[in-house]
Amino acid sequence: MSSKTILVWFKNDLRLTDNETWFRACEQGDTVIPVYIFDPMQFQKHPLGFPRTGSFRSNFLIESVAALKNNLRLAGSDLLIKIGLPEFIIPELVGNLNVSDVYTSQEVTTEEVGILESIKQKLEANRVDVKEFWTSTLIHYEDIPWPIKRLPDMFTQFRKEVERESSVRPLFALPAVKNFPAMQTDPVPTLEQLGITPSITDARSVINYSGGEAAAQNRVKDYIWEKDLLRQYKETRNGLIGENYSSKFSAALAHGCISPKFIYKEVKKYESQRIKNDSTYWLIFELLWRDYFRFVARKFGSKIFQQKGIRDKSFPWKQDVQLFETWRLGQTGVDFIDANMRELLATGFMSNRGRQNVASYLTHDLKIDWRWGAAWFESQLIDYDPCSNWLNWAYVAGVGNDPREDRYFNIESQVRKYDPKGEYMNLWLRGSDSKIPG
Ligand SMILES: Cc1cc2nc3c(=O)[nH]c(=O)nc-3n(C[C@H](O)[C@H](O)[C@H](O)COP(=O)(O)OP(=O)(O)OC[C@H]3O[C@@H](n4cnc5c(N)ncnc54)[C@H](O)[C@@H]3O)c2cc1C
């Protein structure tokens, strides 16, 4: 019998624990070659002038890939790192390394799906199989109670039926690692090699984000167990300042440094060992929102990026660059909006409360094309996830999964409720590092 060489293409699943793609490759291959590709298209400039992946996320990504390489080496394997277009690099590697199968995670958004389709076509002639594994959600795609075409258009219906009908699959353990062929591997690129200008760390950042699987698991341990913050998550989650008001799991989840199933299992353990309450339920509720947006993206394809959105709704959106720039740089003159936008600009993060307000302000007050706001978030957010970002934007803008016509946030009443003493606005408008960066 001929030996099986499997190429594992890591993408937004930068972990070894609970990663079916990696697990199956180690189980089924005689030789397993892990690969990560930095795609220059992801670092090119948006027509509005900023890079599609800005410095904060690029940095987190570099750290996560470096951590993956390190973990693989410790386990007796290694990671091939390439810079270039995957549609050319994967077929080239397959040819040069005598690969029989390619294993990778299944993506749902148009660009990623298009790239994989083009790779599949190129590999078909060589009779090389591409196998995709669903690794990104809490509830497996095959376990939702509808065919994707009939996925409910309202979250509440989705959640209720999933809670009744579906369950979370067990975690995949760390597999025994297979042979890595003797060859030279390149180091992880620097920001400069990706064409990205580094940014200065701002002391007011909510948390010191570090990429990689160990950092992600440490944050879970710290937030849930050591600081014991989960018991009050529902009461604190609308906060604005510091690392403790919410989990800050999003960046690790977006890059796949941790799986939502891993977090779920920790929550269940916490519920049995410490306390089960509304807060423990609410963290899982939020993870279901994340799942939902991924399934919606799968259902609607490229529509999630289009101006009319999944509801096919036309609005007279403005494309006024000057007005957009006042918003982007935190110079609108509306303090709560400016404080949030400056936090995003200086740190790559903004709270959920902030995101809802600035998105509402851009789309309902300034009436600027919602896709511009989504594009700026894509550039700037450390935790950018195409499904969560574009569908949350569409939701606030009135072209997404929301039965309400107008999801308008009244800034004055939001300030009264969430920043009554003006501490957050002071921090970002008058704080010690308050010069406007960028
Ligand atoms: C306009 C807009 C854009 C957004 N863009 C993104 C994005 O690109 N990436 C991203 O991960 N989240 C996005 N969100 C959702 C949410 O703001 C962040 O997930 C959250 O603020 C991250 O902080 P946390 O991990 O401390 O969240 P927590 O409150 O601790 O929540 C736990 C986890 O649940 C998930 N989650 C929570 N709220 C949402 C939500 N509304 N939609 C989807 N998942 C959610 C996240 O994975 C999060 O890490 C966006 C929200 C808005 C309104």
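Which residues are the closest to the ligand? They are Ser246, Ser247, Ser250, Glu286 and Asn389, out of 29 residues that surround the ligand (a residue counts as near a molecule if its C-beta atom, placed from the backbone, lies within 6 Å of it). Before going on, note that this is a predicted model, where local features need pLDDT of at least 70, side-chain atom pairs count only at pLDDT 80 or more, and totals for chains, interfaces and linings use all residues. Residues are numbered from 1 along each chain as its sequence is written.

Now for the elements around that ligand. Those giving two or more residues to its shell are α8 (250–254), α10 (278–300), α13 (352–365) and α15 (386–397), with helices being DSSP runs of H or I, at least four residues long, numbered from the N terminus. The top contributor is α10, with six residues. Sorted by class, the shell holds 13 nonpolar, nine polar and seven charged residues (Ala, Val, Leu, Ile, Met, Phe, Trp, Tyr, Cys and Pro are nonpolar; Asp, Glu, Lys and Arg are charged; the others, Gly among them, are polar).

Zooming out, the protein splits into domain 1 (5–135), domain 2 (136–168 + 212–301) and domain 3 (306–429), with bounds from an automatic or database domain assignment. Domain 2 and domain 3 each supply at least three residues to the ligand shell.
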